[in-house]
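Work through the exercises below with the sequence and the model open. Try each task before reading its solution.

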Amino acid sequence: MSKIDPAELAEQLRDRVQLGMPHTIDRLARLVRIPSVSWDAFDPAHVAESAERVRELFEGTGLFDEVSVHQYEISEGVLGQPGVIARRPAAEGWPTVLLYAHHDVQPQGSDDKWDTPPFEPTLIGDRLYGRGASDDKAGVLLHVAALEAIRDIWEAAGEQLGLGISVFIEGEEENGSGSFSKFLDAHRDALGSDYIIVADSDNASVDVPALTVALRGNVTFNLTVRTLRHASHSGMFGGAAPDAMLATVRLLNTLWNDDGSVAVAGLESHDAPVPEHDEAKLIEEAGVIGGELLGSGPVLARTWYQPAITVTGIDAPDVANASNTLIPEVRVRVSARIAPGTDADAAAEAILDHLRANTPFGAELEFDSLGTGRPFLVDVDGDGVERMRTAMTEAWGAEPQLSGIGGSIPFIADLVDRFPHSQILVTGVEDPATRAHSPNESQHLGVLHRAILAEAWFLADLATQE
C-alpha cells in the first residue's frame with residue numbers, strides 16, 4: 001500500500017515547487033546565456049554547448065539510467081543540431097509520459113531593438129528577459145522542475161516511482177526540425193509513450209492557462225520576380241519598361257482581399273467555436289498602430305482557424321544605395337498559415353498556382369526553399385486532456401481555456417504518425433506579452449511557477465493510480 005497520502009499530496013506539490021523556484025530561475029538564466037541559435041549562419045558550437053547543459057540538467061534529476069546527446073543527418077553530408085534523449089522505463093502496469101521541449105532559439109535580431117542585452121538574462125518585475133527565456137528554455141526547466149518535485153516527494157515517502165518517463169529536447173525546432181524524424185526513427189522504443197506533453201505553446205493570460213487543441217499548418221517559400229534582363233535608367237525607360245518592384249507589389253497584392261483576408265482559392269477556414277475576445281485587447285497586444293484589424297468574424301477565429309499570408313522578408317536595393325534605375329528582379333519570403341483540416345501540400349500548390357495565374361507584365365517567377373508543415377487537431381475526448389485540465393485548474397486556480405494557436409508546430413504531425421496511440425497534450429509557458437521571436441522576449445515567472453505545478457500535478461496523478 002502506498003505511503004503517499006492523496007490528501008497531503010496537493011500541499012506537498014505546492015511546497016516543493018515553491019521551494020524549488022529560485023534554483024529553477026537560476027538554471028534558466030544560465031541556459032539563456034548560451035546563444036543557441038540553430039540557424040545555419042550561426043555558430044553550431046553554441047547549440048552543442050546548450051545541448052550539453054540540458055543533458056546535465058536531466059542527468060541531475062537522478063531519474064534516468066542514461067541521458068545522452070545525439071545528432072542525425074538532415075540530408076547526405078548535412079548534420080542536424082544536437083538533441084537530448086532520456087528514458088526511464090515504466091514498471092509493469094504503469095504508463096509512460098514523453099516530455100518534449102527545445103533548447104535552440106531564434107536569432108536575436110538587432111541589438112538596438114532590445115531594452116536589455118538579448119543573451120544576458122535580466123529580471124524586471126515578474127519577468128525574466130532574454131532570447132529563449134520563454135521559447136523554449138523555460139519549457140526545458142518546466143520539465144526538469146516538475147520531475148524534481150515528483151522525485152523528492154516519492155523519495156521522502158520511500159516509494160518507488162512506477163511511472164515511465166521519456167525526454168526529447170530538440171535542438172533545431174527554430175530551424176525547421178530537419179532531423180526530427182531521424183530522432184523518432186532512431187529512438188522509437190525510447191520515445192514511445194502513452195502521453196506526450198509538448199511544452200511549446202501559449203496561455204490565455206498570466207492568470208488563465210490554456211491547453212492547445214488546434215494548430216495551424218504552414219507553407220513557406222522564396223519567390224523571385226524578374227521583369228528585365230538588366231537594370232536600366234529610370235528616366236530613359238521608366239513608364240514603359242516594367243520594373244520588378246512594380247510587378248512584385250502588383251502580384252503580392254492579389255493574395256489578399258480588400259479587408260486583408262486571404263484571396264487564394266483552396267485555402268479554406270476551419271469551422272469551430274471560439275471564446276469571446278475583445279478586439280481592443282488584441283490591438284494592444286499586437287501594437288497595431290492604426291487600431292484596424294484584418295479580416296472578419298470573431299477575432300480568435302481569424303488567428304486560430306483562418307488562413308493568413310505574410311511577406312516576412314524582401315531582397316531589393318536598400319534606400320541608402322538606391323539609384324535611379326529600374327530594378328530587374330526582386331526576391332521575397334512568403335509565409336502562409338493554413339487552417340486545421342487543410343492539406344499542406346495542396347495548400348502550397350494552391351498558392352503557387354494563384355501566383356502563376358496572376359503574374360503581371362509577363363514577369364518570370366522562380367520559387368525555391370518550399371517547405372510545408374501540417375496543421376493539427378487534438379482529440380479532446382481522451383483521459384489525458386481531462387487529467388491535464390484538472391491539473392491546470394488546481395495549479396492555476398482557474399479553468400484552462402481550450403484554445404487554438406495561430407502558429408505552427410509541424411513536427412506534431414510526425415509524432416502522430418510514429419505514435420498514433422499516444423495522447424498529445426500541447427502546453428506551454430508563454431503568455432500574450434511574452435514576445436517570443438521578437439526583441440524583448442521574456443518569461444513571466446508566475447506563469448512558469450504555475451506551469452511547473454500543473455505538470456507536476458499531472459505526473460503525480462498518473463503516478464498514484466492504483
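**Exercise 1. Which residues is F58 in contact with, leaving aside its neighbours within four places in sequence?**

Solution. Contact means heavy atoms within 4.5 Å. Step one: list the partners of F58, which are F64, V67, V140, H143, V144, L147, V167 and I169. A nonpolar core is a set of buried Ala, Val, Leu, Ile, Met, Phe, Trp, Tyr and Cys residues joined through side-chain atoms within 4.5 Å. Buried means under 20% relative accessible area, exposed over 50%, and partly exposed in between, with a 1.4 Å probe and protein chains only. The largest nonpolar core has 89 residues, and F58 and F458 have the most contacts inside it. Helix α13 (residues 445–463) gives the largest share of this core, 14 residues. A second, separate core has 27 residues, including I309 and A363.

A note on the model. It is predicted, so local features need pLDDT of at least 70 and side-chain atom pairs count only at pLDDT 80 or more, while totals for chains, interfaces and linings use all residues. Residues are numbered from 1 along each chain as its sequence is written, and side-chain values use heavy atoms, with hydrogens and water left out.

**Exercise 2. Is V140 buried or exposed?**

Solution. Step one: find V140 in helix α3. Helices (H or I, at least four residues) and strands (E, at least two) are DSSP runs, numbered from the N terminus. Step two: read the accessibility. V140 is at 0% relative accessibility, so V140 counts as buried. Step three: list what V140 touches beyond four places in sequence: L31, V54, L57, F58, A101, H102 and I169. Step four: compare sequence and space. V140 and I169 are 29 residues apart in sequence, and their C-alpha atoms are 7.3 Å apart.

**Exercise 3. How many residues of α3 are buried?**

Solution. Step one: take the length. Helix α3 (residues 137–156) has 20 residues. Step two: check the span. From first C-alpha to last, α3 reaches 29 Å, close to the 28 Å expected at 1.5 Å a residue. The expected span is 1.5 Å times one less than the number of residues. Step three: count. Of the 20 residues in α3, 17 are buried, and the helix is mostly covered. Step four: look just after α3, where G158 takes a positive phi of about 70°.

**Exercise 4. How do α1 and α2 cross?**

Solution. Two packed helices are described by the angle between their axes and the distance between the axes. Axes are lines fitted to C-alpha atoms, for helices over the stretch in contact, and angles run from 0 to 180 degrees between N-to-C directions. Step one: the axes of α1 (residues 6–32) and α2 (residues 44–59) come within 10 Å and cross at roughly 160°. Step two: α1 is therefore roughly antiparallel to α2. Angles under 35 degrees count as roughly parallel, over 145 as roughly antiparallel, 65 to 115 as roughly perpendicular and the rest as oblique. Step three: name the residues. R27, R30 and L31 in α1 meet S50, R53, V54 and L57 in α2.

**Exercise 5. At what angle do α1 and α3 pack?**

Solution. The angle is about 140°, and the axes are 8 Å apart. So α1 is oblique to α3.
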